[in-house]
Amino acid sequence: MTPWLILLAFFVTVVVVWSPLIAFWLWRKNWRWPQPLITDLSEKLWGVASLYGVIPLVLGGYSYFLAYDWADLGLAAEPWGLGWGFILGVGTLLCSLTIQKNLGWITWQKITVKPQELGVLLGVGLLVGGVEEVLFRGFMTSVLSPYGVVQSAVLVNGIFAVMHLIWEPVSARPQLPGLFGLGIVLTWATTLTGGVYVAWGIHGAWVWGITFLELRQAVIYTQAVPPWITGLGGKPLAGLMGIMLLILTAVMLWGIYG
């Protein structure tokens, strides 16, 4: 099979296996066309968790069929890189927010932090980060490796960016360049460290932190600068500061692992 046929078969299998869960969920919420599939963050989290519970099962089957080993999935590196990546992800995110706060671009809204909420979102962040890194920077990168390092990185991260339109077909559009850049930085992390663990930690930390801030509406934008600087629609990756966050992370990765 050609690489594209393998990927097509993989995604079709994921949809087929996932469809009963989605059908049951839509029936429970009494969904009718043309109502939106996702109406709030909690529904998005449920959808993500259900899909990302199915993907590893299908991924395992295809990896067995293709005779892929741990290295092909990016899991042959030292697993404690997950912790270092998480620390780096949290640190760079806090750095970006602190700079914006000191410049008067954002303010903090006083909120009550619930440990159980942080724990649930941490689990979601690590699940999303782990599945996406093994899928995109591991499995798909190996499948598309015949096209060469640069071409496969562009293809994989282009698909990575576009697939975010599944969850947010409108608000994800201005984030597409940032999402592509995010994928390139995570590919860079995988290349430098020989596996996906550091990238998994960074990815999981950002999903965890940004989702918590969005859920609790903890950040208030002062409108002191245009939204394209802080992030269109309150989405960090849709703004200049989000791109600067990616550049900072890439430089730190080079400094630590280069």
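How far apart are the mean positions of the 11 positive and 10 negative charges of the chain? They are 14 Å apart, with Lys and Arg counted as positive, Asp and Glu as negative, and His and the chain ends left out. Each charge is placed at NZ of Lys, CZ of Arg, CG of Asp or CD of Glu.

This is a predicted model: local features need pLDDT of at least 70, side-chain atom pairs count only at pLDDT 80 or more, and totals for chains, interfaces and linings use all residues. Residues are numbered from 1 along each chain as its sequence is written, and side-chain values use heavy atoms, without hydrogens and water.

**Fold and dimensions**
- The chain has 9 helices and 2 strands (DSSP runs numbered from the N terminus: helices are H or I of at least four residues, strands E of at least two).
- Their order along the sequence is α-α-α-β-α-α-α-α-β-α-α.
- The radius of gyration, taken over C-alpha atoms, is 18 Å, which agrees with the value near 18 Å for a compact globule of 258 residues. The globule rule is 2.2 Å times the number of residues to the power 0.38.
- The C-alpha trace spans about 55 × 55 × 30 Å along its principal axes.

**Surface and contacts**
- The accessible surface is about 13,400 Å², and carbon and sulfur atoms hold 72% of it (Shrake-Rupley method, 1.4 Å probe).
- Of the 258 residues, 43% count as buried, meaning under 20% relative accessible area.
- Contact means heavy atoms within 4.5 Å. Among contacts between residues at least 6 apart in sequence, 78% join residues at least 24 apart.

**Nonpolar core**
- The largest nonpolar core has 61 residues; such a core is a set of buried Ala, Val, Leu, Ile, Met, Phe, Trp, Tyr and Cys residues joined through side-chain atoms within 4.5 Å.
- Phe10, Ile55, Leu135, Phe139 and Leu182 touch the most other members.
- Elements giving two or more residues to this core include helix H1 (3-28), helix H2 (41-66) and helix H4 (115-143). H4 gives the largest share, 10 residues.
- Beyond four places in sequence, Phe10 touches Ile55, Val58, Leu59, Tyr62, Leu135 and Phe139.

- His203 lies in helix H7 (residues 197-216). His203 is buried, at 5% relative accessible area.
- Leaving aside neighbours within four places in sequence, the contacts of His203 include Glu132, Glu133 and Arg137.
- Gln100 sits in helix H3. Gln100 is buried, with a relative accessible area of 5%.
- Gln100 touches Trp105, Ile106, Thr230 and Met241, residues up to four places away not counted.

Definitions and conventions
Buried < 20%, exposed > 50% of the residue type's maximum accessible area, 1.4 Å probe, protein only.
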